[in-house]
Amino acid sequence: MTVTDVLDLNHIHLSDRPLIVCDIDEVVLEFVTPFRDFLRSSGCDLLPRSFRLHGNVVRLDSGEPVADQMTTDFLEEFFTLQDAWQTPADRVVDTLASLSVDADIIFLTAMPPRHTGVRRALLDRHGLHYPLLASEEPKGPIIKRLHDARTVPLVFIDDILRNLQSVRTHAPECLLVNLMANAQFRAMAPDPGDGILKADSWTDAAALIRTHILR
């Protein structure tokens, strides 16, 4: 199955300005902290033992890890109820509003597309009205389609290394920024390597982005 089969870009209308593409979970919206709170309400917890979810979700009463399928089921339920749990990352609303004066902004989330409606309403509630794309396909080909043959600066922000690497492969001219809201899990993240810049906050990310798009 190709990206074209699963993702409709017809509602995306870009100007001749630079393009900033942002992941959502742990970048625009807090994810780790509210997911952990959600798990605790269900008798489980997420332990910061390694940079992954599966294998780190445990039962509160015994400390035993839950089966991977149960973690997957928890994620599905969490995304269904995300509007009751997730909130914007620190300084993201004001920072994106400022950047939007000089650039187009698009959200690209790896969340299952069936949850798009709930997420759209959640983002809008917090004043984050930028276009939203939801796909579980690799992000590199999607951004290549978005940017096409345009020559304006391109920026991609994500917390997951494989997504940044995918974009580096398909859009090598892109500024790649590794950003994660949760400090505990960010400390355990693998080093992104050459060509990917790390930011510890939206203040840091904004400085990197402005240098790139205003060059």
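This is a short talk on a few local features of one predicted chain.

Okay, ground rules. It's a predicted model, where local features need pLDDT of at least 70, side-chain atom pairs count only at pLDDT 80 or more, and totals for chains, interfaces and linings use all residues. Residues are numbered from 1 along each chain as its sequence is written, and side-chain values use heavy atoms, with hydrogens and water left out.

Confidence, then. pLDDT is the predictor's confidence in each residue, from 0 to 100. The chain averages 94, and 97% of the residues score at least 70. Residues 1–5 stay under 50, and the model has 7 contacts for them beyond four places in sequence; contact means heavy atoms within 4.5 Å.

On to helix packing. Helices (H or I, at least four residues) and strands (E, at least two) are DSSP runs, numbered from the N terminus. Axes are lines fitted to C-alpha atoms, for helices over the stretch in contact, with angles from 0 to 180 degrees between N-to-C directions. Under 35 degrees counts as roughly parallel, over 145 as roughly antiparallel, 65 to 115 as roughly perpendicular, and the rest as oblique.

So how do helix 2 and helix 3 cross? Their axes, for residues 32–41 and 68–80, come within 11 Å at roughly 110°, which makes helix 2 roughly perpendicular to helix 3. Helix 2 brings Pro34, Phe35, Phe38 and Leu39, and helix 3 brings Phe74, Leu75, Glu77 and Phe78. That contact has 7 nonpolar residues, no polar and 1 charged. For those classes, Ala, Val, Leu, Ile, Met, Phe, Trp, Tyr, Cys and Pro count as nonpolar, Asp, Glu, Lys and Arg as charged, and the others, Gly among them, as polar.

Next pair: helix 4 (92–99) and helix 9 (202–213) have axes 10 Å apart at about 10°, so helix 4 is roughly parallel to helix 9. Here Val92, Thr95, Leu96, Ser98 and Leu99 meet Trp202, Ala206, Ile209 and Arg210.

Buried or exposed? Buried is under 20% relative accessible area, exposed over 50%, partly exposed in between (1.4 Å probe, protein chains only). Thr109, in strand 4 (104–109), is buried because its relative accessibility is 0%. Beyond its neighbours within four places in sequence, its contacts include Asp23, Asp25, Leu132 and Lys139. Its side chain also makes a 3.1 Å polar contact with the side chain of Arg119 (N or O atoms within 3.5 Å; within protein, one able to donate a hydrogen and the other to accept it, and residues adjacent in sequence counting only if both atoms are side-chain atoms).

Thr151 sits in the loop between helix 6 (139–147) and strand 6 (154–158), and is exposed at 77%.
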